[in-house]
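Welcome! Below is a short tour for someone meeting this protein for the first time. Take a moment to look it over, then read on.

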Amino acid sequence: MKRVLPFLPLLLLVACSDDGSSAVSTAAASVPTTAAPATTSTAPAPAPAPAPVTFTAEVWADNWFSLYVNGELVGEDSVPITTERSFNAETITFTATYPLTIAMVTKDFKQDDSGLEYIGTARQQMGDGGFIAQITDTSTGKVVATTTTGWRGLVVHRAPLNTDCLSSANPSTDCQHEITPEPADWTSPTFDDSAWTAAIQYTAAEVGPKEGYDTITWSPAAALIWSGDLKIDNTILWRATVTAG
Ligand SMILES: [Ca+2]
Ligand SMILES: [Ca+2]
């Protein structure tokens with residue numbers, strides 16, 4: 001009798017294990033027979049995703065810029081606009097898929113909303129802006145986008161509106177300004193920029209490009225652009241679209 005008892009629990013364990021695995025295998029077998037027809041008969045074949053492409057953007061701006069592609073910030077001028085003579089060229093690498101919606105913010109330096117710089121010194125003046133950019137598809141080496149008069153801009157900070165304040169001892173109160181709020185989602189591919197104004201092309205003599213400009217080999221198609229006034233238009237939003245590779 002003493003030798004039989006220890007075997008009883010072992011026999012019970014084996015019996016339970018058999019029941020359990022048998023139940024699991026029945027459930028597992030039933031899942032594909034009900035789920036498989038639903039996925040194959042109702043879901044359309046997904047369109048292949050556009051292949052991401054690597055690009056290089058080269059930008060020279062007086063004085064500062066940020067760059068968005070397809071609604072995403074991909075880079076900005078590494079030299080703070082508050083740096084005196086913040087002139088430099090930037091090279092930014094990013095990945096995106098065609099078509100590209102290029103959006104940029106460009107800022108001419110202003111000390112405050114008067115639009116002036118060097119306030120209170122003998123050099124108190126209106127600063128001026130201007131910028132140039134080109135984007136190269138690194139898989140082909142081809143320049144696929146450049147600043148042109150096809151770019152559309154929205155001036156969001158304009159000052160001084162009354163240039164007779166230039167010699168004022170208190171330009172911060174005497175100079176008038178106009179600030180336009182940034183439209184919602186203005187970097188998005190779907191944003192409607194048809195009311196924005198076309199860029200103006202300027203000569204190098206008019207913009208006076210400085211440090212960094214000569215370090216880039218610019219495409220002949222790349223133009224120095226700004227909005228209608230190099231001095232009074234201080235902050236501008238820009239958009240351009242690149243449809244082909
Ligand atoms: Ca400037
Ligand atoms: Ca200015």
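## Getting started

Two residues are in contact when their C-beta atoms, placed from the backbone, lie within 7 Å of each other. By that rule, and leaving aside neighbours within four places in sequence, Glu90 is in contact with Val59, Gly75, Asp77 and Ser78.

This is a predicted model, in which local features need pLDDT of at least 70 and side-chain atom pairs count only at pLDDT 80 or more, while totals for chains, interfaces and linings use all residues. Residues are numbered from 1 along each chain as its sequence is written, and chains are lettered from A and ligands numbered from 1 in the order in which they are written.

## How confident is the prediction?

The predictor's confidence in each residue is its pLDDT, on a scale from 0 to 100. The protein chain averages a pLDDT of 86, and 82% of the residues score at least 70. Where pLDDT is low, the predicted coordinates should not be read in detail.

## The nonpolar cores

A residue is buried if 20 or more other C-beta atoms lie within 10 Å of its own, exposed if 12 or fewer, and partly exposed in between, with C-beta atoms placed from the backbone. A nonpolar core is a set of buried Ala, Val, Leu, Ile, Met, Phe, Trp, Tyr and Cys residues joined through C-beta atoms within 7 Å. Helices (H or I, at least four residues) and strands (E, at least two) are DSSP runs, numbered from the N terminus.

Which members of the largest nonpolar core touch the most other members? They are Val59, Phe65, Phe131, Ile132 and Ile225, out of 38 residues. At least two residues of this core come from each of β1 (53–61), β2 (64–69), β5 (100–107), β8 (131–137), β14 (224–226) and β15 (233–242). A second, separate core has 6 residues, including Met126, Cys165, Cys175 and Ile232. In soluble globular proteins, nonpolar side chains tend to be buried together.

Val59 has contacts with Phe65, Leu67, Ala89, Glu90, Phe131 and Ala133, again leaving aside neighbours within four places in sequence. Glu90 sits in strand β4 and counts as partly exposed because it has 19 C-beta neighbours inside 10 Å. Its C-alpha atom is separated by 7.9 Å from that of Ala57, although Glu90 and Ala57 are 33 residues apart along the chain.

## Strand β2 and its partners

β2 is mostly covered, with 5 of its 6 residues buried. Two strands pair if DSSP finds at least two bridges between them. β2 and β5 run antiparallel and are joined by 6 bridges, with Val69 opposite Ile102 in β5. β2 and β3 also run antiparallel, through 4 bridges, and Tyr68 has Leu73 in β3 as its bridge partner.

β2 and β3 form a hairpin with 2 residues between them, and Asn70 in the turn has a positive phi of about 50°. Asn70 counts as partly exposed because it has 17 C-beta neighbours inside 10 Å.

Most residues other than glycine have a negative phi, and most peptide bonds are trans. Arg85, in the loop between β3 and β4 (89–96), has a positive phi near 50°. Arg85 is exposed, because 11 other C-beta atoms lie within 10 Å.

The peptide bond from Asp62 to Asn63 is cis, with omega near 15°, and Asn63 is in the loop between β1 and β2. Another cis peptide bond joins Ala159 and Pro160, where omega is about -5°. Pro160 belongs to the loop between β10 (152–158) and α2 (171–174).
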